[in-house]
Structures are given as C-alpha cells and as structure tokens.
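Thanks, everyone, for making the time this morning. I would like to walk through one model with you, going from the whole chain down to single residues, and I will give the cut-offs as the terms come up.

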Amino acid sequence: MLVDKIHLKVQGGRGGKGCESYNHRKDHKKVPNGADGGDGGSVIFRASHNAPGLDRLRLKQHLDAASGEHGSSDNKRGSKGPDLIVLVPIGTSIYRRENHLAIRDLYLEGEEVIVAKGGRGGSGNIGDKTATSGEEGENLEIDVEFRIMADVFLVGLPSSGKSSLLHHLTRAPVEGKDYPFATRSPVLGVHPYDDYKQINFCELPSIFEGSTDGRGLGTDFLRHLARAKLIVFMIDATLKFSHTAIEGLSALQRIVYEHDAAFRQIPSVVVVNKIDLGHDIGKIQEELQSLGLIYFLISVKTGEGVESLMKFVHEKIENEGHV
Ligand SMILES: Nc1nc2c(ncn2[C@@H]2O[C@H](COP(=O)(O)OP(=O)(O)OP(=O)(O)O)[C@@H](O)[C@H]2O)c(=O)[nH]1
Ligand SMILES: [Mg+2]
C-alpha cells in the first residue's frame, strides 16, 4: 500500500566554527588570520516526476544536512556544507508539525522549498573580529503528505463500475472485476480528447455505509479529494450495496463530507451505471429528480449515456479553466 503521510525530523547543518589564529610576523606583531566557518547545508525538498513515493523517507525518520567546515588559519574559509536535496513526488505538501501550518505545497516539476536552513558559519578573527562558533541549523518536525493531482475523482459504491469507466475513458491498465473492493488503492488515468486536451482521472477505492465502521478499505484515501475539481459519485442500478439509489448516494456523500466539510465546495455529479441490466431505472430516476441533483444514467458496458456524461465533464473542467 502506498505510504502517503509521514512524520520526519529535519535538521539543517551546523555552521562551521570561525578560526582564531595569528600570523606571527618577523617584527613580532601578531596579525589575526583566522577565517570564517562555512554555512551549514540546508534540507531542501524538491518536487519531481521521477521521485519515488514517500515510503523510503519513512524509514529514515531523521534528515540531517551536513555541517559547514571550520575556518582555518591563513584566511582559509571553511566550505559550505552541501544541501540535502530530498526528491518528493509532485503533489507533496509539507507541514510544521507543532501547529500543522503548511510550509509549502509542491505542485510543479522542480519546485523546491528550504525546509530547514543551515546555520551560519562563525566569524574568524581576521580583521580583528572576535572568533565565534557557527550557529546551529534549523531543527523542526514536519509532516509530509502526498495527495494525488487529478481533476476528476471517481468515488462510488463497491462494484459500481469505477474501474470499468476509468478503463473506458483512459488507457489506465485497470479492468472491472466481478467482485467488490477489487481496487485497493487509488488508480490514475489520463483521458485525452479534442486532439490536444486531457483530463486526469483518479479512481478511489470504494466506500459504502459500513466504511466508517472500519469495514471495507476504510476512508483515509478520501483526503486525496482535497485537490479535486469534480467528484463523480457513482452508484449502479443493481443497488447491491444500498436499498435505494438515494440511500446509496447519501451514504457516499455523508462519508465524503464528514471526512472533510470543505469537500462540499467541490462540484460534483451523480452517475448511475449499469442501466443495461434493466433494474427499475424509472424509480431511480424519480428519486434522483426529487433531490434536484445533476445525474447521468449510463452503461459502461453498452456505452449508453457515457458521451453525455463526458460532455458535461469536459465543460465543467474547462469552465474551471483547468484544461
Ligand atoms: N452489465 C454491466 N456490468 C458492468 C457495467 N460496468 C461495470 N460492470 C461490471 O461490474 C463489475 C464491477 O465493475 P468494476 O469496474 O470493477 O467496479 P468498481 O466500482 O471499480 O469496483 P471496486 O473497485 O471493486 O469496488 C465488473 O464485473 C464489470 O464488468 C455496466 O455498465 N453494465
Ligand atoms: Mg475498481
């Protein structure tokens, strides 16, 4: 399972000590010639497409940048300690642990942030300064979280057809499985359209009424929704995981909005899949109409309704200015 939330201690490198030394001249004068110490290295997080997941950092727990070198006599400055560059996936956020304030969200390739600055090197006694020792590097505890960057998230009841729809729309190597909870971690797919445009889709593992009691796969993965531009709430006409369409849909919405009330601000649409199976579609339609929701009746199997749904999705995402 993908690790996407970790806790780390980070420590900038200590500044190198300034040197106290003298050049003893022939005329017996002492001329100070101790040089400054080098600054400590900083711990820097950099976002990269090629970064491995956060798993490998969890084993580390401490990230320490190197100290600066001490200054020495003859005016030889200590060199700066090298920075510790930590590659993290795009979509990583770093928080100060003590107050959970964001230090930075890293969204772009190559974007970086100094998380723990190295200490300044001490002064040498050259020029009659007082020699000082180097400063400590910054030291803090951070939480590092990775959230998937996708435009549209498929959130639905077990076996409602999320993987099937994702596969249909994108080239994602997923397929529908005839048993529930087949998708155990988020799956991504890119949906190309109109020659040059694309929308990133993400299927989240399914949720249902029992998810909040720890049944199924839990709900932790719902935090990926923080950056969603559209949530597709998906149920299916067989109603295996709810008595009625409204019950299934309310369970989905309750679980998502209880996870984070701010998710209510994210535009959403309801999809009822598997209409080819001919269960009481009329009743389902009546129920959804009574709620005044935007909904689409589709069958991934026959393709019915998928085009209308996608027309809506394209417009929605384009209006948000995200394509
Ligand atoms: N008849 C019919 N079957 C469908 C349709 N869409 C999906 N299925 C089937 O329903 C089953 C479940 O589909 P999935 O795509 O795996 O559903 P899911 O929502 O991803 O399920 P989990 O991730 O396992 O919770 C598979 O056997 C699919 O072939 C449809 O429109 N009509
Ligand atoms: Mg699935």
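Of the 323 residues of the chain, 40% count as buried, where buried stands for 20 or more other C-beta atoms within 10 Å of the residue's own, exposed for 12 or fewer, and partly exposed for what lies in between, with C-beta atoms placed from the backbone. Please keep in mind that this is a predicted model, in which local features need pLDDT of at least 70 and side-chain atom pairs count only at pLDDT 80 or more, while totals for chains, interfaces and linings use all residues. Residues are numbered from 1 along each chain as its sequence is written, and chains are lettered from A and ligands numbered from 1 in the order in which they are written.

On overall dimensions, the radius of gyration of the chain is 28 Å, whereas a compact globule of 323 residues would come near 20 Å; the value is taken over C-alpha atoms, and the globule rule is 2.2 Å times the number of residues to the power 0.38. The C-alpha trace spans about 105 × 45 × 30 Å along its principal axes. The chain is divided into domain 1 (5-146) and domain 2 (152-319), with bounds that come from an automatic or database domain assignment, and the C-alpha centres of these two domains lie 46 Å apart.

As for secondary structure, the chain has five helices and 16 strands, which are DSSP runs numbered from the N terminus, helices being H or I with at least four residues and strands E with at least two. Three of the strands form an open sheet of mixed pairing in the order β6-β4-β9, where two strands pair if DSSP finds at least two bridges between them. Because β6 (84-88) and β9 (112-116) stand at the edges with a single partner strand each, one side of each is left without a neighbour in the sheet. Strand β4 (residues 43-47) runs antiparallel to β9 and is joined to it by four bridges, and Arg-46 has Glu-112 in β9 as its bridge partner.

Which residues have the most contacts inside the largest nonpolar core? They are Phe-153, Leu-154, Val-155, Val-232, Phe-233 and Val-272, in a core of 46 residues, a core being a set of buried Ala, Val, Leu, Ile, Met, Phe, Trp, Tyr and Cys residues joined through C-beta atoms within 7 Å. Strand β14 (residues 230-236) gives the most to this core, with six residues. A second, separate core has 15 residues, including Val-86, Leu-106, Ala-116 and Val-144.

Helix α2 (residues 162-169) has six of its eight residues buried, so the helix is largely enclosed by the rest of the structure. Among those buried residues are Lys-162, Ser-163 and Ser-164, and the buried residues of α2 pack against β11 (152-156), β12, β13 and β14, with contact taken as C-beta atoms, placed from the backbone, within 7 Å.

Finally, two backbone angles deserve a look. Most residues other than glycine have a negative phi. Asp-194, however, has a positive phi of about 45° although it is not a glycine; Asp-194 sits in the loop between β12 (187-193) and β13 (197-203) and is exposed, with 9 other C-beta atoms within 10 Å. Leu-239 also has a positive phi, near 50°, and lies in the loop between β14 and α3 (245-259), where, with 19 C-beta neighbours inside 10 Å, Leu-239 counts as partly exposed.

Conventions:
Two residues are in contact if their C-beta atoms, placed from the backbone, lie within 7 Å.
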